[in-house]
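Hello,

Here is the structure I promised to pass on to you. Please open it alongside this email, and my notes follow below.

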Amino acid sequence: TKKAVEGIELRIAPGKITALAGANGAGKPSTVLGIAGVVEPVFGEIWLDGRDLVGSEPDEIRRAGVGTVPEGHQVLRELTVRDNLLVAAGGMSRGETNASIERVLALFPELREKLPQAAGDLSGGQQQRLCIARALAVRPEILLLDEPTSALDPIATEAIEALIDRLRGEITMAIVTHSLAQARRVADHVAFFYLGELVEHGPARDVLEKPRDERTAAYVGGRVG
């Protein structure tokens with residue numbers, strides 16, 4: 001009976017990094033998980049390459065080129081690192097699967113050494129990188145990340161932000177974050193949410209340094225949030 005977000009009209013620029021910023025309860029995760037088909041129902045339209053994704057199953061959206069990394073380290077803890085990657089690449093031919101895993105491991109060389117280990121034995125930062133690696137295994141056009149560095153130490157956070165920067169231009173990314181510092185470091189564009197409403201959206205420097213809306217200015221200035 002209560003809408004998490006309403007009246008959202010947002011264009012995510014191809015090849016760019018868009019940060020969805022705002023305080024807790026603003027509707028940021030509901031928006032990205034709605035795109036991924038995880039949150040239902042969604043009323044309206046979500047367009048990707050001329051196709052409306054609303055009503056599609058999550059697996060169908062994934063096959064359409066949308067990878068999702070939910071908040072938290074949601075690895076298959078009892079399976080090995082290699083098996084986590086194999087599960088993620090399910091549905092491909094053996095050759096495609098091997099090529100995909102090799103491509104992912106080139107981005108995550110530390111995981112190559114951990115392939116035989118149980119995913120649950122990895123550190124928190126390594127588990128989060130494995131989650132991102134799994135999402136990349138299907139070669140998505142779009143990567144949705146919900147608080148990808150929450151509860152991580154500064155070193156692990158820096159490693160994930162470096163990876164995000166490395167993927168800039170190759171993949172379109174939407175990142176949910178409550179950290180304005182992170183938005184400043186990684187984002188090309190910022191969409192500021194407040195109580196389920198998209199208040200402001202534009203180039204990161206404009207939104208974070210010259211906000212048009214007083215609610216954005218209050219949040220950026222540290223008066224709320």
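Are Phe-192 and Tyr-219 buried or exposed? Phe-192 is buried, and Tyr-219 is too; here buried stands for under 20% relative accessible area, exposed for over 50%, and partly exposed for what lies in between, with a 1.4 Å probe and protein chains only.

Before going on, a word on the background. This is a predicted model, in which local features need pLDDT of at least 70 and side-chain atom pairs count only at pLDDT 80 or more, while totals for chains, interfaces and linings use all residues. Residues are numbered from 1 along each chain as its sequence is written, and side-chain values use heavy atoms, with hydrogens and water left out.

**The aromatic pair**

The structure holds one aromatic pair. The ring centres of Phe-192 and Tyr-219 are 5.2 Å apart and their planes stand at 35°, so the pair is tilted. For such pairs, rings of Phe, Tyr and Trp (its six-membered ring) need centres within 6.5 Å; planes under 30 degrees apart count as stacked, over 60 as edge-to-face, and the rest as tilted. Because Phe-192 lies in strand 7 (residues 189–194) and Tyr-219 in helix 10 (residues 214–220), the pair ties together parts that are 27 residues apart in sequence. Helices (H or I, at least four residues) and strands (E, at least two) are DSSP runs, numbered from the N terminus.

**Helix 1**

Six of the eight residues of helix 1 (residues 28–35) are buried, so this helix is largely enclosed by the rest of the structure. The buried ones are Lys-28, Thr-31, Val-32, Leu-33, Gly-34 and Ile-35. They pack against strand 1 (17–21), helix 2 (58–63), strand 4 (66–69), strand 5, strand 6 (172–177) and strand 7, where contact means heavy atoms within 4.5 Å. Just after helix 1 comes Gly-37, with a positive phi of about 80°.

**Helices 3 and 4**

Helix 3 (residues 81–88) packs on helix 4 (residues 94–107) at an angle of about 125°, and their axes are 10 Å apart. The axes are lines fitted to C-alpha atoms, for helices over the stretch in contact, and the angles run from 0 to 180 degrees between N-to-C directions. The two helices are therefore oblique to each other; angles under 35 degrees count as roughly parallel, over 145 as roughly antiparallel, 65 to 115 as roughly perpendicular, and the rest as oblique. On the helix 3 side, Arg-82, Leu-85 and Leu-86 meet Thr-97, Asn-98, Ile-101, Val-104 and Leu-105 of helix 4. Those contact residues divide into five nonpolar, two polar and one charged. In this grouping Ala, Val, Leu, Ile, Met, Phe, Trp, Tyr, Cys and Pro are nonpolar, Asp, Glu, Lys and Arg are charged, and the others, Gly among them, are polar.

Glu-102 is also in helix 4, and at 44% relative accessibility it counts as partly exposed.

**Some single residues**

Arg-139 has a positive phi of about 50° although it is not a glycine. This residue sits in the loop between helix 6 (124–136) and strand 5 (142–146), and counts as partly exposed at 48% relative accessibility. Glu-147, also not a glycine, has a positive phi near 50°. Its place is the loop between strand 5 and helix 7 (154–167), and at 8% relative accessibility Glu-147 counts as buried.

Gln-127 belongs to helix 6 and is buried, with a relative accessible area of 5%.

Best wishes
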